[in-house]
Amino acid sequence: MNEAEELAATAEWDLPPERHRHFKDVLMQRIDDDEQRAQKPSVRRRFTRPAVLLPLASAALAGALLTTLTTGGHTPAPETPSASGTLRRIATAAMASDAIRVRDDQFVYVRTLDRSNTGSFSGPVRLGALHTEERWTAQDPGPLRVTGWLRSSGKDAIMPGRVLPMETTEPVPAGVYHPTYRWLASLPTDPDALLRRLHKEARPVEGESRDQAVFSLIGDLISGAVMPPATMAAFYQVAARLPGVREIPDAVDAAGRHGIAITLDDTGFATREEWIFDGKSLALLGSRFYITDPDRGITTETLAGTSAVMETAVVDRKGEVPARAAAR
């Protein structure tokens with residue numbers, strides 16, 4: 001086992017599942033490069049064991065891996081004054097959405113379409129093929145070592161067709177890194193109080209501001225969990241308070257759906273993510289992730305990942321999909 005694989009095998013999961021996608025490819029590209037230097041067969045091995053399928057990197061490891069992505073040359077686009085107003089409208093729409101109750105013995109099911117970077121760690125970005133990912137997040141408050149399950153399918157999918165565990169090295173209680181419905185419902189819905197809570201919970205990686213870390217954390221939670229409407233609305237109200245938040249009038253998710261995007265520019269961090277919303281219903285459609293890294297020849301902001309949320313539901317068992325649940 002080489003050094004990168006040892007890090008992956010022993011790392012504690014300190015990142016939420018959705019944000020982990022940003023770092024997963026970086027770590028796996030480092031492993032690929034190590035294998036090539038060792039003159040191993042040129043078969044892309046994305047993962048070494050189910051135990052590290054999702055919890056590949058701790059915050060410290062992610063910071064080390066992202067050091068090459070941090071640069072002072074990133075120039076943010078100007079802030080759009082309408083972004084805060086748009087987020088308030090999105091919050092109003094979220095508040096009016098139907099409430100879904102979730103029991104502790106159930107799972108939140110999320111199906112997404114994804115494209116991620118398949119290029120080498122030291123080279124340019126090469127977006128892989130569109131593939132499907134299904135996740136089942138356990139609602140048991142724990143502490144748990146297996147907090148959920150993942151199944152991928154399609155070209156460039158990770159170990160396609162297998163239902164694989166999202167496992168941690170130490171048991172994780174309900175919270176930021178294991179977001180259950182009950183925990184989300186316990187959060188304050190006053191935006192100022194929630195912002196203070198998120199500033200304490202967020203863990204910036206190297207070169208990242210705390211506001212950017214809060215923005216990323218909110219993005220993880222709104223795209224991968226089921227929560228009360230008041231909690232969802234409060235997250236958007238918090239985002240509206242973050243300095244530098246801006247609106248992009250036209251953005252496209254991984255499924256090709258057009259919408260409006262909300263993003264946050266951070267001058268000290270050479271990455272940027274967008275949340276994409278339907279222009280009429282204001283429902284969340286998906287996200288996009290960009291990087292800038294002159295050391296790798298990426299001198300302009302480049303799309304490095306995109307996702308589309310296709311279905312969110314509550315099921316009784318891991319591996320169960322909503323259509324089968326409804327048919328019983």
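Trainee: Why is E201 called partly exposed?

Mentor: The relative accessible area of E201 is 23%, and since buried means under 20%, exposed over 50% and partly exposed in between (1.4 Å probe, protein chains only), E201 counts as partly exposed. The model is predicted, so local features need pLDDT of at least 70 and side-chain atom pairs count only at pLDDT 80 or more, while totals for chains, interfaces and linings use all residues. Residues are numbered from 1 along each chain as its sequence is written, and side-chain values use heavy atoms, with hydrogens and water left out.

Trainee: What makes E201 and R197 a salt bridge?

Mentor: The term asks for a side-chain nitrogen of Lys or Arg within 4 Å of a carboxyl oxygen of Asp or Glu, and the closest N and O atoms of this pair are 3.1 Å apart. Both residues lie in helix α6, four residues apart, which is about one turn of the helix, and R197 is partly exposed as well, with a relative accessible area of 28%.

Trainee: Which parts does the pair of D192 and R241 tie together?

Mentor: Their side chains meet in a salt bridge at 3.1 Å, N to O. D192 lies in helix α6 and R241 in the loop between α8 and β5, so the pair ties together parts that are 49 residues apart in sequence. D192, at 38% relative accessibility, counts as partly exposed, and R241, at 40%, also counts as partly exposed.

Trainee: Are R135 and E133 buried or exposed?

Mentor: Both are buried, and their side chains meet in a salt bridge of 3.2 Å, N to O. The count by this rule comes to 16 salt bridges, and R272, E274, R288 and E301 are linked in a network of them.

Trainee: What makes a set of residues a nonpolar core?

Mentor: The members must be buried Ala, Val, Leu, Ile, Met, Phe, Trp, Tyr or Cys residues joined through side-chain atoms within 4.5 Å. The largest such core has 40 residues, and those with the most contacts inside it are L87, L198, V214, I218, F235, Y236 and W275. Its largest share, eight residues, comes from α8.

Trainee: Which residues is Y236 in contact with, leaving aside its neighbours within four places in sequence?

Mentor: Contact means heavy atoms within 4.5 Å, and the partners of Y236 are L87, I90, A91, A94, I222, W275, F277 and L284. A second, separate core of eight residues includes Y109, L144, W149 and V315.

Trainee: Why does V245 count as buried?

Mentor: V245 counts as buried because its relative accessibility is 1%. V245 has its place in strand β5, residues 245–252, and although V245 and S84 are 161 residues apart in sequence, they are 7.4 Å apart in space, C-alpha to C-alpha. Of the 328 residues of the protein chain, 56% count as buried.

How values were computed. Helices (H or I, at least four residues) and strands (E, at least two) are DSSP runs, numbered from the N terminus.
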